Amino acid sequence: MYHILCFGDSNTYGYNGETQGRFGWDKRWTGILARSLGSEWLITEEGLNGRTSGFQEHGKKYRDPIPYLAPCILSHMPLDLIIVMLGTNDTKPVFQASPEEIARSMGKLTLRVRNYSRLKGEGCQTLLVAPVPMDDRAVHSGIEFDRSSVEKSRCLASLYQSLAQDLNIHFLDAGTAGIPLCSDGCHFSEEGHRKFAAFIKEKILQILLSPA
């Protein structure tokens, strides 16, 4: 049995940008992935709307993942792989964070993920996923982003790739997969969830099943 923890924001939660609800388990990429991989794989979904890499927004509790990270990881042990896909919410104007500052915050988070995952052995690996960049529709969608947010989201992949190399962890750029977004320019569409599940499945199999 392989156990994978998926730690992310609203695109891991499965937020539906068209209905402001949530896609069903069978429509979310985590559920699609679980069904595709089969009964020998356990996919644990840890997505939260608005979650950042480490920024706390005033009046909005629980979006800073740091206090929750250790109990989350340790309660799900043993794990074979932890997937981290965050950063989109860090681009909100309220944080006034540059892409480099976002990457540094992600570096601190990912280092904690790696270290916590090794507390009970060396078997767990980490995959850092650069989120799909937003498109211009996000500026007018009413979901707290502006044009600078869109531009920042397009800068994260190269910074995350360097970060992954420095930490000696795995990296995947979701922006290269052609993932369709909802009309809000931010969240995966139903088709986007299907496409992302297939895209990340290839990487997972490469990490866990390919000879070292």
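Accessible areas in this section come from the Shrake-Rupley method with a 1.4 Å probe. The structure described is a predicted model. By that method the protein exposes about 9,600 Å², and carbon and sulfur atoms supply 51% of this area. Of the 212 residues, 55% count as buried.

The overall dimensions were considered next. For a chain of 212 residues, a compact globule would have a radius of gyration near 17 Å; the protein has 16 Å, and the two values therefore agree. Along the principal axes, the C-alpha atoms fill a box of roughly 45 × 30 × 30 Å. The fold contains 7 helices and 7 strands. Read from the N terminus, these elements follow the order β-α-β-β-α-β-α-β-α-β-α-α-β-α.

The region around strand 6 was examined through several residues. Leucine 127 is placed in strand 6, and it counts as buried because its relative accessible area is 0%, where the limit is under 20%. When residues up to four places away in sequence are not counted, leucine 127 touches Leu81, Ile82, Ile83, Val84, His170, Phe171, Leu172, Ile200, Lys203 and Ile207. Of these partners, Leu81 to Val84 fall within the range of strand 5, residues 81–85, and His170, Phe171 and Leu172 fall within that of strand 7, residues 170–173.

Arginine 114 belongs to helix 4, which spans residues 99–117. Although its side chain is of the kind counted as positive, arginine 114 is buried, since its relative accessibility of 19% is under the limit of 20%. Apart from neighbours within four places in sequence, arginine 114 is in contact with Thr126, Leu167 and Ile169. Arginine 114 and leucine 127 are 13 residues apart along the chain, and their C-alpha atoms are separated by 9.6 Å.

Between helix 4 and strand 6 there is a loop that contains leucine 119. In contrast to the buried leucine 127, leucine 119 counts as exposed, because its relative accessibility is 55% and the limit is over 50%.

Leaving aside neighbours within four places in sequence, isoleucine 143 is in contact with Ala138, Asp184, Cys186 and His187. Isoleucine 143 and glycine 47 are 96 residues apart in sequence, whereas the C-alpha to C-alpha distance is 18 Å.

A disulfide is a covalent bond between the sulfur atoms of two cysteines. A pair is assigned as a disulfide when the sulfur atoms are within 2.5 Å, and by this rule the count is 0. For cysteine 6, the closest cysteine sulfur belongs to cysteine 72 and is 11 Å away, so the distance is too far for a bond. The relation also holds in the other direction, as the closest cysteine sulfur to that of cysteine 72 is in cysteine 6. Cysteine 6 counts as buried, because its relative accessibility is 1%. Cysteine 72 is likewise buried, with a relative accessible area of 0%.

Backbone geometry was also inspected. Most residues other than glycine have a negative phi, and most peptide bonds are trans. The peptide bond from methionine 77 to proline 78, however, is cis, with omega near 0°. Proline 78 is located in the loop between helix 3 (66–76) and strand 5 (81–85).

Positive phi values occur at residues including glutamine 96, which is not a glycine and has a phi of about 50°. Glutamine 96 lies in the loop that joins strand 5 to helix 4, and it is exposed, with a relative accessible area of 70%. Asparagine 168 also has a positive phi, near 60°. This residue is in the loop between helix 6 (156–167) and strand 7 (170–173). Asparagine 168 is exposed, because its relative accessible area of 67% is over 50%.

Methods. Residues numbered from 1 in each chain as written. Predicted model: local features only at pLDDT ≥ 70, side-chain atom pairs only at ≥ 80, totals over all residues. Heavy atoms only, no water. Helix = DSSP H or I, 4+ residues; strand = E, 2+ residues; numbered from the N terminus. Buried < 20%, exposed > 50% of the residue type's maximum accessible area, 1.4 Å probe, protein only. Contact = heavy atoms within 4.5 Å. Rg over C-alpha atoms; globule rule 2.2 N^0.38 Å.
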